[in-house]
Amino acid sequence: MAFDVERLLRLWSDPLPVDDGAAAAAFRELYADPVTVNGTSMSPADFVARARAVQNAFAPVRREVLSVVEQGDRVAVAFRMGGRQVGTWTTSAGPLPATGREFWLRVIDVLTVADGRITDIVMVADELGVLVGLDAVRLRTPADAVTGD
């Protein structure tokens, strides 16, 4: 199949067209409409909003592909993405205001591809590891729960 992973990641890291319609059209070239991401249906406009949020959170957004495995209609991509955090980063634990610090998020995406476009994504990111490293969250031990710390 030889899916173009670099082209895909450029959508997330390179500046998008200012016009939302043109930006959505760029996503439609690689993504079906809609795409299911971890069970949630997303449109190209949703991807544009997410990509803009990533691009506003990091300056510059950098990426490094660690591994790509293709089999049939599936492409698994392990990569790191990050940079210096200059804006709010929206995480599963809530928004993290700009820290000015540089960090890398480890991500694995398993993509289902039909007719050259992504139709389904199972995505896992190590947000907790990054948040602990930034001192944005603290892991509690059972003793902490007893003492109230």
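Strands S4 and S7 (residues 102-114) run antiparallel to each other and are joined over 11 bridges; here two strands pair if DSSP finds at least two bridges between them. Helices (H or I, at least four residues) and strands (E, at least two) are DSSP runs, numbered from the N terminus. Within this pairing, Gly 83 stands opposite Phe 103 in S7. The model is a predicted one, in which local features need pLDDT of at least 70 and side-chain atom pairs count only at pLDDT 80 or more, while totals for chains, interfaces and linings use all residues. Residues are numbered from 1 along each chain as its sequence is written, and side-chain values use heavy atoms, with hydrogens and water left out.

On to the neighbouring hairpin. Strand S3 (residues 58-71) pairs with S4 (residues 74-85), again in the antiparallel sense and over 11 bridges. One of the facing positions is Val 69, whose bridge partner in S4 is Ala 76. Two residues lie between the strands of this hairpin, and Gly 72 takes a positive phi near 60 degrees.

Six strands form an open sheet with mixed pairing, in the order S2-S1-S8-S7-S4-S3. Strand S2 (40-42) and S3 each have a single partner strand and stand at the edges, so one side of each is left without a neighbour in the sheet. On average, and with direction ignored, neighbouring strands of this sheet are turned by 25 degrees against each other; for such angles, axes are lines fitted to C-alpha atoms, for helices over the stretch in contact, and angles run from 0 to 180 degrees between N-to-C directions.

Helices come next. Helix H3 (residues 44-57) lies across S1, S2, S3, S4 and strand S8 (117-125), and runs at about 125 degrees to S3. In helix H2 (residues 20-28), the buried residues are Ala 23, Ala 24, Ala 26 and Phe 27; buried means under 20% relative accessible area, exposed over 50% and partly exposed in between (1.4 Å probe, protein chains only). Seen down the axis of H2, these residues fall within an arc of 155 degrees, so they line one face of the helix. The arc is that of the directions from the helix axis to the C-beta atoms.

A search of the whole structure finds eight aromatic pairs. Rings of Phe, Tyr and Trp (its six-membered ring) pair if their centres lie within 6.5 Å; planes under 30 degrees apart count as stacked, over 60 as edge-to-face and the rest as tilted. The pair of Trp 89 and Phe 103 is tilted, because the ring planes are at 45 degrees, with the centres 5.1 Å apart. This pair links distant parts of the chain, with Trp 89 in strand S5 (residues 89-91) and Phe 103 in strand S7, 14 residues apart. Trp 89 counts as buried, at 7% relative accessibility, and Phe 103 is buried with a relative accessible area of 7%. Elsewhere, ring pairs link Trp 12, Phe 27, Tyr 31 and Phe 47 into a cluster. Arg 80 lies over the face of Trp 104, at 4.1 Å from the ring centre; a charge sits over a ring if NZ of Lys or CZ of Arg is within 6 Å of the ring centre and within 35 degrees of the ring normal.

Some backbone details deserve a look. Most residues other than glycine have a negative phi, and most peptide bonds are trans. The peptide bond from Asp 33 to Pro 34 is cis, with omega near 5 degrees, and Pro 34 is placed in strand S1. Ala 59 and Pro 60 are also joined by a cis peptide bond, with omega about -15 degrees; Pro 60 lies in strand S3. Asn 38 has a positive phi, near 50 degrees, and is found in the loop between S1 and S2. Asn 38 counts as partly exposed, at 45% relative accessibility. In the loop between S7 and S8 lies Asp 115, with a positive phi near 55 degrees. At 82% relative accessibility, Asp 115 counts as exposed.

Technical notes: Contact = heavy atoms within 4.5 Å.
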